[in-house]
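Reader: I would like to learn how to read a pocket in a model. Could you take me through one?

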Amino acid sequence: MKIARIDTYHIPVSLWAALWDREKDLPLVTPLSMYAEHRERYGSWYWNPAMTVVVLTGADGREGLGWCEDGCRAAQVIIDEHLERFVAGASAFDHERVWDIMYRSSIPYGRKGAALEAMSAIDIAMWDLMGQVEGKPVYELLGGAADVSMRLYASALHPVDAEKVAAEARGYVETGYRDMKGRFACGPADGEAGMARNFDHARVIREAVGGEIGVALDAYMGWDVDYAIEMVKRLEPLDLAWIEEPLLPDDIKGYAKLRRASKIPISGGEHEFTRFGFEQLFDAEALDIVQPDVHRCGGFTEARKIGAMAAERGLRVICHTYSIPHLHFSVAMGCSILEHFPQPCWFEMPEAPRPLFVG
Ligand SMILES: [Mg+2]
């Protein structure tokens with residue numbers, strides 16, 4: 001199926017939708033927590049979130065849809081000013097060839113970040129169009145699945161008051177979740193008191209749900225290696241499922257050192273791109289759990305290679321974040337669980353969230 005047209009749309013709404021509105025003012029340790037003016041509020045430094053949506057129209061009028069985060073509007077510009085010339089006129093089934101041409105042509109400014117997000121949106125749209133042409137869901141094109149059900153884990157549990165956190169965690173168990181993930185508030189700039197606050201948050205969740213429920217925590221790149229080693233030692237008695245993204249994604253040596261020192265599994269990868277980036281993490285034995293984001297790492301074409309590399313090394317793959325493409329990928333790759341963002345019981349949304357994609 002020849003791709004007759006490629007259109008891009010800038011959507012001034014976060015890929016995270018209502019989650020973003022809720023998270024921007026809540027405490028969260030981040031890569032900027034070392035700077036006092038950006039310590040607590042994610043919303044003090046994060047750019048205006050938006051999406052680039054790619055629509056590919058096939059010669060017969062069928063449409064394939066893909067999207068990515070449009071960091072500072074860069075992804076849309078990259079597609080409109082450069083990548084679209086490699087897509088229009090190509091066959092939707094030539095995804096490997098188109099991917100390779102986009103990757104090679106964008107090397108001087110690409111390889112990671114916005115260029116790969118742009119490529120990811122195009123690649124997802126190509127797979128969607130292939131599925132439309134074949135009359136099959138993308139998970140079947142990716143290798144099929146005997147069991148199309150997917151277990152979700154609840155991802156929220158922000159470090160607010162202990163009673164709220166405990167009620168929220170118990171609520172997830174009552175809803176049926178068997179796994180959940182919380183967020184840390186503190187990093188190296190917060191000293192001993194911050195370490196105690198981090199520990200207490202994890203303890204409150206563990207005590208609220210008991211020993212049978214999987215409990216993970218996310219440090220959103222806000223720690224350094226010495227801090228992380230001390231923190232995982234303290235957290236060890238809580239039997240956590242994993243600690244997520246404790247270090248900057250480029251601190252691969254730090255991840256490897258931490259992983260050797262930690263009895264708690266270390267996860268990461270949501271801010272890594274392409275098989276070349278993930279290979280460095282794998283070679284350094286930096287992670288126990290790999291968390292690619294199909295909307296960032298290079299679309300389905302690249303994510304399935306990353307998934308195969310992880311499988312070869314016996315590593316668990318759990319996609320970063322919830323999306324329909326991640327649901328298809330997770331089902332096809334046999335991932336055990338997928339992230340999901342319920343609304344915390346204590347949080348009132350200012351207005352009801354609007355659907356991002358109607359129909
Ligand atoms: Mg994360």
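Reader: Which element gives the largest share of the lining of the largest pocket?

Author: Rolling a probe the size of a water molecule over the atoms shows where empty space is left. On a 1 Å grid over the protein atoms alone, a pocket is an open set of points where a 1.4 Å probe fits, with protein on both sides within 12 Å along at least five of seven lines, and lining residues have an atom within 4 Å of a point. Here the largest share, five residues, comes from H4, a helix in the sense of a DSSP run of H or I with at least four residues, numbered from the N terminus. This is a predicted model, in which local features need pLDDT of at least 70 and side-chain atom pairs count only at pLDDT 80 or more, while totals for chains, interfaces and linings use all residues. Residues are numbered from 1 along each chain as its sequence is written, and side-chain values use heavy atoms, with hydrogens and water left out.

Reader: How much space lies in the largest pocket, and which residues are the closest to its centre?

Author: A volume is the space filled by probe spheres set on the grid points, which are joined across faces, edges and corners. For the largest pocket this comes to about 920 Å³; 37 residues line it, and Trp67, Tyr322, Ser323, Ile324 and Phe357 are the closest to its centre. Two or more lining residues come from each of helix H1 (18–23), strand S3 (63–69; strands are E runs of at least two), helix H4 (114–134) and helix H13 (324–333).

Reader: What does the lining have by class?

Author: It has 23 nonpolar (Ala, Val, Leu, Ile, Met, Phe, Trp, Tyr, Cys and Pro), nine polar (the others, Gly among them) and five charged residues (Asp, Glu, Lys and Arg).
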